Each structure stands twice: as structure tokens, then as C-alpha cells.
Amino acid sequence: MNFELDDDQRAAAAGAREFFAGSTSVADARRALEGGPVTPGRQALADVGFLGVTVPEDVGGAGSSVLDLAVVAEQAGAVLAGPSLVTAARAAVLLADQPDLLAALADGSTGYAVLDGPAPAIDAVGADSFLALEDGALVLGAGEVATGEPLDATRGLGSVRLTSRRVLVEDAAARWSRARDVALVVLAAEDLGAAGRAVQLGIGYAKERTAFGRQIGSYQAVKHALVDAWVGVEQLRSLVWWAAWAADAAPDELPLAAASAKAFAAETLERAAETCIQVHGGIGFTWEHDAHLYWRRAKVDRFLLGDEAEHLDTVAGLVLAGALST
Amino acid sequence: MDFDDTTDEAAYRARVRSLLEEHAADLVHLDAGEEAADAAEQQQALRRTQRVLADAGLVGVSWASEHGGQSGTLAQQAIVNQELARARVPTLINHIGLGMCGPTVVAHGTPAQHERYLARLLRAEDVWCQLFSEPGSGSDLAALRTTAVREGDEWVVNGQKVWTTLAHVADHGILLTRTDPDRPKHAGLTMFIVDMHAPGVTVRPLRQLGGQSDFNEVFFDDVHVPDGDRLGEPGEGWRVALTTLLNERVAVGGGGNDLGLSVESLAALAAERVPQLPTDRQVLARQALGRAAVAALANRYTGYRRYTAISKGGLPGPEASAGKLAGTTAAKLVADAGVRLLGDDAVFSRGPDGDDGRWQRNQGWLPGIAIAGGTNEVLRNIIGERVLGLPPEPREDKTAPFNGGSR
């Protein structure tokens, strides 16, 4: 058994951390709420190669694994980067036999969004091509985006009505299902990064801030809350790695692993963000502080690509059907 | 990344599996949650089981051969544990000795003590217990008051221990005592190996919340312990005890194994019961099943990460404590989902219509799991301070003399 990242993946994580540190910041997520751009933005992500991680090399991608992409997505999530790598991962599966469209995904010349019926789609704002499943067929088209006032502007959420469509694949149900599972994995990976960073913010503050003559992190009430949030993050990391590995190496395990990771991610990020705010006290409840940006991500992501109840039910169905028996 | 055995591990696993098949007739087998009918008979059978396994080279796998072990790796020990579980062999009777007492004797014992105790421990010729907690000192272990006073070549022990698992069947114990009350609490302690059959040792079983008696209170009235059974130097008892506690953290939940009934047991129960429920109740039962399964899987795969670390030669660190915290959460979700699936039978310890009570017994274990092996609160302090780097609470009891009042 070898259940850890290899040296290349650790190096990729370090490289991604550096890229995001230089191209975006959590403060940008606040500015996006105030009308600023989502950063680093599609073109920057394409130029660094992150939109094409799972796109084959012959059409301009890196031809790497979902696990490799999850490693990058964790770093993207840590700084609330946008647009989401979820869309890139999902589109790469859906467009597998469309070299021109894949190339346009990898080089950033087309902005895709993937639609689940009328539900608000990730990165619909700013997209110019929409992928959807209609009557079992994969279709591509243009559309009109309707959006509300964003809770987390980095997600670019909008409901889309297709105004044109052409069929790419007639019988696409299986491909659609795999693409959605891969999307769940990458979303859980972004949430892992966000949750981990939120807990670290809380830990950092608990070491600095004093009350009643000592650092607040020395009080068990504060310490234990941070530990519980940290344990959740490490548990989530295991599910994300397992699910990403399954996407590449064990497709039969992917539905169970992906639904488990997404359900656990929803709960873990919420707890991490809420703990972060609570540890900070009043300052954590202000617009100026970064804590609410993680909280916003948590409150939005828990509903994206199906909520916790949906994924727990999926897990239950698979378990009842014998997914745990070997 | 992969979940496969290496070639060496696969070969080792195959050998373990064939040994377990070869000796199957001499081993106790129990289903998860199943209870043996006769406790005394079962104890003898469990001693025999461990002896057979030890003679087959399947006990103390990672112990050095000079101590009677196999000089194998922690990964090989983990493979044996997995295969024992797969073969439905229950927890070895000397698990306290193997997990905690033995490693402590190995680390701090003299060659004579190694010679005298370790081989017999491995074969369960002697069963061991760990005499640490007292009525007035549980989490605050170093506040203990059992005394040992030197008289010539012997020490005379007086005091009381409690929550001592297996004391009622044990032949030996490791015993933490106070030998110098004028020194600060951690500095005045000394560890001994005590003969549980010695005059002055009285063991009284305690009855637990669930009705079973797995642990005991132990009284020491002028018990004479030869100086040759002192483990480590006088005043070094805390350092010796830390070895025990470190091993305990790993033994209890560190591997990501299920604490209590497994999620597979829950899956089997659910497959039988969920279809019988009304549709609206099925929705709730599936939510509970899904939540329990996700928690158990998260804990299991986190255990695989620690397993990977040890199989590459690393030592389990304080982060292993997280396994018990997450394991407790998962176990509670599994247990509660299981009990709720019993429907009306859940209000009985054993239902009137033939249910065997395993889910109710499992439920009765859980409050203890959150306390044993370091309470979950103490483990949170360990993770908070040693892993996350949060500051400790200020303490006055570490420096003042123990008998000076700062206890």
C-alpha cells in the first residue's frame, strides 16, 4: 500500500501554491463581491496549464491524472481562486473525443460551463459555451445566463437557458455520470484547500490573541474546537485522495468515493469556516476580515453538484447494493 | 498511489493466511459482536489461541527476535492484524501486554527482565495488565498516590488502582507508584513489574455500564516487590510510563480500524431491515447509513495513510491520536444507525424475538471508548499542542513538590 502523494505531486502542489500566491488573493474574493474581477481568471489558469491538467497532451493539455488535478485544486481552494477547476475537470471528460473543443478548453479560448438542468451552474458567468445532457445526449450550445446577487462571487453561478444546441454525443449517460463524479472529486479538493486554510487562520490567531492574560489557543474551549476542525480536514484529505485515485485507477469505486468525499467536504468546510470565525471573535464577523470569504464558499459549495443529503443517499444506496463487500 | 501489497507484503500475507488456515481448529473464532457463552472457558481458549499463534510466529511480529519476536516490520504486524480479523479471530487475550506492557519492558527492562517475562507474555503464559489510573488520578495520571517504599532489597506497595482491564485474569502488571513525594509530581514516580498473585493484591471486578465486567479495581496492601522487578530507575517512572502511553495511542484507534461494530456489519443489517421500513422512514435510515459509512470510510482511509507512513519505516506520531477521535465519531454513527434499525427491539438489551443483542451491547461500549486509552479531551490537548502548535495551559503542578499541595 502506498497511500500518499509522490514527490512529483508534492512538487506540483508547491508550484501551484506559488502560482496562486502570485496571481490571486483572498482579498480578491472580497473585491469580486464588490464588482471586481474573479482572479486569477480563465486565461491565467490556462496559461499556467491548470485548465488542461487532464486534457491529453496532443491537444495541448498535460495528460495527467485526476489526482494530479486534485492536488492543484486544493491549492486553488485555499485562496478561493476562480474560475473553478471543477469545470475544467468535468469538461475534459465530456469532450474526450472532441480534439478542437478540448484544445479550446486547455488554452482558455473558450469558457465552458456545465449545466445540471436549471440549477445554478459553476462559472456560468463569463462562459460562452455550455454543455448539457438532454434526452441522454451531450449537447453544446450558447445560452442566456440569469444570475442573482452572489453570495460567493468567485463561483460565477448562474442559471442558463440554452439558445442554440448541437449534439456532440448521442448516448452520453455513462460519460455524463463519470464527468459529474470527477467534478465532485475536484470540488471536494477545492473545499479541502479552503477548509485547511480556514483552520490555519484560526490556529494562527489563537496563538497571537491574548485574553485574560494568556493566548486564547491555550484555553481548551478554543483549542478543542480547532482540533476537531483540523481532524475533519485530515479525514477529508483521505477521502479526496481516495476518490481522485479511484477516478484514475478504480472506476468501480469512483461513485462511492466521490459521493463520500463531496458529502464530507460540505460538512468539513462549514465547520472549518465557522470555527475560524468563532475563534476570531468580533473581527471575524467583519467585512474587512477574510474569514467570511471562507464562510461564503462553505455556504455556497455545500449546495453545488448536489447537497449533502443527496450524496449521503447515494452512499447509502451503494452500500445497500453491496459496495462495501469484497 | 496504490492500495496493493508490495510483492514482499503479498507473499507475507499469503503465508499468514495459510498459517491461520492450518491452525484454524486450535483457534477461537467469533463473529463481530458475538459473545462467548462461558467466560472462564473462553479465557482458556483465548490463551490457547494466542499460544498457537505465537508458536506459528504470528504474535509480536515487529518485536526483535532477541525478545521472542519475529524482527518483522510494523507493516507485517498490520497485515497479521488484518488477517486475524478476516479469519474472525477475536482480539488476543494479552492485548494489553502486547500493545503496552511488553513494549515498555522491552524499552526499559534489564536483560534479566527481558529473559524472564517477554517470551511468556508473547505466548500468553502470563497475561498482563496496566496498573496506572487511580480513583483520584485518571487523566491527571501523575497525581497518583499509590506508594512504594524501599525496604532493603524490596519495595512495599500500598494503594489502589482502578479501571484496570484484565486484572482479574492477569498474572503480571506494570505498576506506576510514587516513591518520592517531596519531589514534583512527575519526578517522584517509579515503575515496577508486579506479580498479580502476590500476597496483598486484591482484585475486585467492576461492572460496567453495559453490564459486562472487563475492568477492575485493584488494592495493594503491603505488597512486597523485589527490587529486581523495578522497571527503570527510581524517579524515572514518568519517562517509563510515557513509553506505555505512546504505544497505547497507537494501539487504541491509531490504525483507523473500526472501534465497535464495523460499517460492514451495519451494511448487512441495513440490507435486511431497510426494505421492511415504510418509505418515509427509509429516507431517514438511508441518511443515517450514508453518514455512518462516510465517517467510517474517512477514518479507514486516514488509517491507510498512517499505515503507509509506518510501512516506509516511520514511527507513529501524536497525530495517531486523531484516529481515535475520528474513530469515536464514526463508531457512534455506526452504532446509532444500527440500533435504530432494530425498531422496537432497540428498547431491550436483547429483543424478545431472537435478536442477539449485539447492537445494544455495541451501543453500551461507546461511552467507554471515548474515555479509555486517553480521554478524547486529553487527546485533543495532545493534538492541539504537539501537532497544531497551540500553547499549553499554564500549570503550577509541574514544578511544586507533590506533597506541597499543588496536585
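**Labels and their cut-offs**

Tutor: Start with helix 11 of chain B, which has 12 residues and reaches 15 Å from its first C-alpha to its last, close to the expected 16 Å at 1.5 Å a residue. The expected span is 1.5 Å times one less than the number of residues. Helices here are DSSP runs of H or I with at least four residues, strands are runs of E with at least two, and both are numbered from the N terminus.

Student: What should I know about the source and the numbering?

Tutor: This is a predicted model, where local features need pLDDT of at least 70, side-chain atom pairs count only at pLDDT 80 or more, and totals for chains, interfaces and linings use all residues. Residues are numbered from 1 along each chain as its sequence is written, while chains are lettered from A and ligands numbered from 1 in the order in which they are written.

Student: Which residues of helix 11 of chain B are buried?

Tutor: Leu379(B), Arg380(B), Asn381(B), Ile383(B) and Gly384(B). Buried requires 20 or more other C-beta atoms within 10 Å of the residue's own, exposed 12 or fewer, and partly exposed lies in between, with C-beta atoms placed from the backbone. These buried residues pack against helix 8 (220-249) of chain A together with helix 9 of chain B. Just after helix 11 of chain B, Gly389(B) takes a positive phi of about 75°.

Student: Which peptide bond at Pro40(A) is cis?

Tutor: The bond joining Thr39(A) and Pro40(A), with omega about 0°. Pro40(A) lies in the loop between helix 2 (26-33) and helix 3 (42-47) of chain A. The bond from Gly82(A) to Pro83(A) is also cis, with omega near -5°. Pro83(A) lies in the loop between helix 4 (66-78) and helix 5 (85-94) of chain A.

Student: How do you know how compact chain A is?

Tutor: Chain A has 11 helices and 8 strands. Its radius of gyration is 19 Å, close to the 20 Å from the globule rule for 326 residues, so chain A is as compact as a globular protein of that length. The radius is taken over C-alpha atoms, and the rule is 2.2 Å times the number of residues to the power 0.38. Buried residues make up 59% of the 326 residues in chain A.

Student: What makes a set of residues a nonpolar core?

Tutor: The members are buried Ala, Val, Leu, Ile, Met, Phe, Trp, Tyr and Cys residues, joined through C-beta atoms within 7 Å. The largest core has 156 residues, and Val185(A) and Ala292(B) are among those that touch the most other members. Helix 7 (residues 173-208) of chain A gives the largest share, 19 residues. A second, separate core of 65 residues includes Val52(B) and Leu84(B).

Student: How many residues of chain B are in contact with chain A?

Tutor: 41 residues of chain B are in contact with 37 residues of chain A. Contact means C-beta atoms, placed from the backbone, within 7 Å. Helix 8 of chain B gives the largest share of chain B's side, 17 residues. That side divides into 24 nonpolar, 8 polar and 9 charged residues. Here Ala, Val, Leu, Ile, Met, Phe, Trp, Tyr, Cys and Pro count as nonpolar, Asp, Glu, Lys and Arg as charged, and the others, Gly among them, as polar.

Definitions and conventions
Two residues are in contact if their C-beta atoms, placed from the backbone, lie within 7 Å.
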